[in-house]
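This report describes a single protein chain for a reader who has the sequence and coordinates to hand. The structure is shown first.

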Amino acid sequence: MQYFSFEPDFLSIWFICIISLIFLNGAFYGADYLQAYRKHRKELVLHGFFYILTYLSMIALTLVGDAVSFLVTWEIMALGSFFLIIFESWKGDVIKAGLNFFIQSHISVVLLSIGFAIMYIRTGSFFFEDWAHCTESCLLPFALICAGFAIKAGFVPFHTWLPVAHPAAPAHISGVMSGVIIKIGIYGIIRMVLIFAHNLILNESMLLAGKVILAVAAISGLYGVMMAIVQHNLKKLLAYHSIENIGIIGMGIGLYCIGLGTGIGTLASLGLAGALLHTLNHALFKSNLFFAAGNVYQAAHDLNVEHLGGLVRKLPLTAFLFLVSAVAICGLPPLNGFVSEILIYLGLFDFMGAANPLSGIGAAGAIAALVLIGGLAILCFTKAFGVVFLGESRTELPEHKEFSALRLAPMFGATVIMFSIGLFPELYVSALNFVLEDAGVAPLALNGTITMIGRAATLFCILVLVLGLIRTLCNGRRKIETGPTWGCGYPVESPKLQYTATSFVKTYSSLFSAVLRSGLTEKLAKAYIRFTGRLAFLENGRLQSYILYGIVFIILTIILSLTLC
């Protein structure tokens, strides 16, 4: 019997491009970032090996068309990602974070294996193309498989590994992890929707699946941004924003499923296009933000925003890149995040207009959630940028200059792409149309809203440049004097006069304290952590043991698959 199948399509190509771009950027950034660890030669060699292994396994995951090779490749990716996270394995907290990721990755594999096994029993085949023709209802295996992918993607309540793993990993790995490793979960969900679309539509389950995904995604987006605002560790703050943006992508996937279930082609097209474009957008600006956080860490040796301040003087280019990426993640024009979120907004409005009254209320609630996510993101990044880069330093920081071109070049490259998406969105949507047609939905028109967004963004940028030029010409001959900022009558300058991260969001924390401390998602997350904590006996601090765990699991996966034959 044949077990292996490679089935590349335009969806594979889209994700391969994103994965390759972010891994390439991470490699250039990491080459300079890891100079601080030159003494750890053995760890650096292993790190490079697992970086390449993880990249190749992710590329393979987008190409395989059967359950056996998919599970084996998935396990190789999980094992490689684990070793990338625990690069600083001499730190106890890093090992704990890595093990948490490792355990939850294998819970994901268990759910995938159960779902795949059910499909094999029902169809007698491991091939995804054969599953598409299953006559029995596939809602249960579809739900199990999506839950497995949801763990990797970081949907609530399966998100608990994300805020722990990101602060533990090196900055370039945090960027790659948030940029593409969690996105392989998004790829898996979209791939399963494509495989099971006919079956779920035939059994009237696609609409239900879409509504559940939309609801979970909206909760994930809101929860992620609400938790991000109260974080003081810069990388942990960014990790919660990964959960937020996974929620936004999930909303697009939910709309895609609802469009398929209701037969509304434009809704399906807008949802899928919005999800795929936001996958690219988030990979770009979030990797940049993590790279900037890495610069902050190596310049100040601290990630607690309460201890930072005034870094724009030491790291002006890093501050600029962080600010641009912050504007993008908030979904503001003229950058790329605005374009993908507009597509999802348009899909939600289409759903609200075409749905029955009850579903219309749900669509209105999703719109309100997306609006709130954007507003809270602006609050969070105003705090983060202002407290970290502006004002005076709150503690004595070591002298440091801006980093080398090798480290900044990939960040500027990603920024150029971000602007190109915001200014010329029709180019990227035209590329997405190949994926949409391959997925069986109508391509998006390029002569309407999308083109208008690009033109408006271009005019805005031109206006800003013209005003900046006029200001420069007018001030060219004026003598510019600098002096201390007026301290509201206080005779002595002190950073204590500045807003801290805590004081900046004090009103917000008071208003939403009940939600942040005792919400349903937090209770589910704590229960999930308690469950995974029962497997903590696996932690023994030995690298060989962790390799053995992965190898044993791969062997068991292969044996189980062959036994089912």
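## Basis

The model is predicted: local features need pLDDT of at least 70, side-chain atom pairs count only at pLDDT 80 or more, and totals for chains, interfaces and linings use all residues. Residues are numbered from 1 along each chain as its sequence is written, and side-chain values use heavy atoms, with hydrogens and water left out.

## Chain overview

The chain has 23 helices and zero strands. Helices (H or I, at least four residues) and strands (E, at least two) are DSSP runs, numbered from the N terminus.

Of the 565 residues in the chain, 55% are buried. Buried means under 20% relative accessible area, exposed over 50%, and partly exposed in between, with a 1.4 Å probe and protein chains only. The accessible surface of the chain is about 23800 Å², and carbon and sulfur atoms account for 68% of this surface. Accessible areas come from the Shrake-Rupley method with a 1.4 Å probe; for residues, only the protein chains shown count as cover.

Contact means heavy atoms within 4.5 Å. Considering contacts in the chain between residues at least 6 apart in sequence, 82% join residues at least 24 apart.

## Helix 1 and helix 9

Helix 1 (residues 10–33) and helix 9 (residues 183–202) have axes that come within 11 Å and cross at roughly 175 degrees. Axes are lines fitted to C-alpha atoms, for helices over the stretch in contact, and angles run from 0 to 180 degrees between N-to-C directions. The two helices are therefore roughly antiparallel to each other; angles under 35 degrees count as roughly parallel, over 145 as roughly antiparallel, 65 to 115 as roughly perpendicular and the rest as oblique.

From helix 1, Leu11, Ser12, Phe15 and Ile19 meet residues of helix 9 that include Lys183, Ile186, Tyr187 and Arg191. By class, the contact of helix 1 with helix 9 has eight nonpolar, one polar and two charged residues. Ala, Val, Leu, Ile, Met, Phe, Trp, Tyr, Cys and Pro count as nonpolar, Asp, Glu, Lys and Arg as charged, and the others, Gly among them, as polar.

## Aromatic pairs

The structure holds 32 aromatic pairs. Rings of Phe, Tyr and Trp (its six-membered ring) pair if their centres lie within 6.5 Å; planes under 30 degrees apart count as stacked, over 60 as edge-to-face and the rest as tilted. Trp131 and Phe196 have ring centres 6.4 Å apart and planes at 25 degrees, so the pair is stacked. This pair links distant parts of the chain, with Trp131 in helix 5 (residues 128–131) and Phe196 in helix 9, 65 residues apart. Trp131 is buried at 0% relative accessible area, and Phe196 is buried at 0%.

The rings of Phe322 and Phe389 have centres 5.3 Å apart and planes at 50 degrees, so this pair is tilted. Phe322 belongs to helix 13 (residues 316–329) and Phe389 to helix 15 (residues 357–389), 67 residues apart. Ring pairs also link Phe70, Trp74, Phe116, Phe128, Trp131, Phe142, Phe149 and Phe196 into a cluster.

Ile249 lies in helix 11 (residues 234–262) and is buried, with 0% relative accessibility. Not counting residues up to four places away in sequence, Ile249 touches Lys183, Ile186, Ala275, His278 and Thr279.

His47 lies in helix 2 (residues 41–61) and is buried, with a relative accessible area of 4%. Beyond four places away in sequence, His47 touches Leu34, Leu84, Phe87, Pro170, His172 and Ile173.
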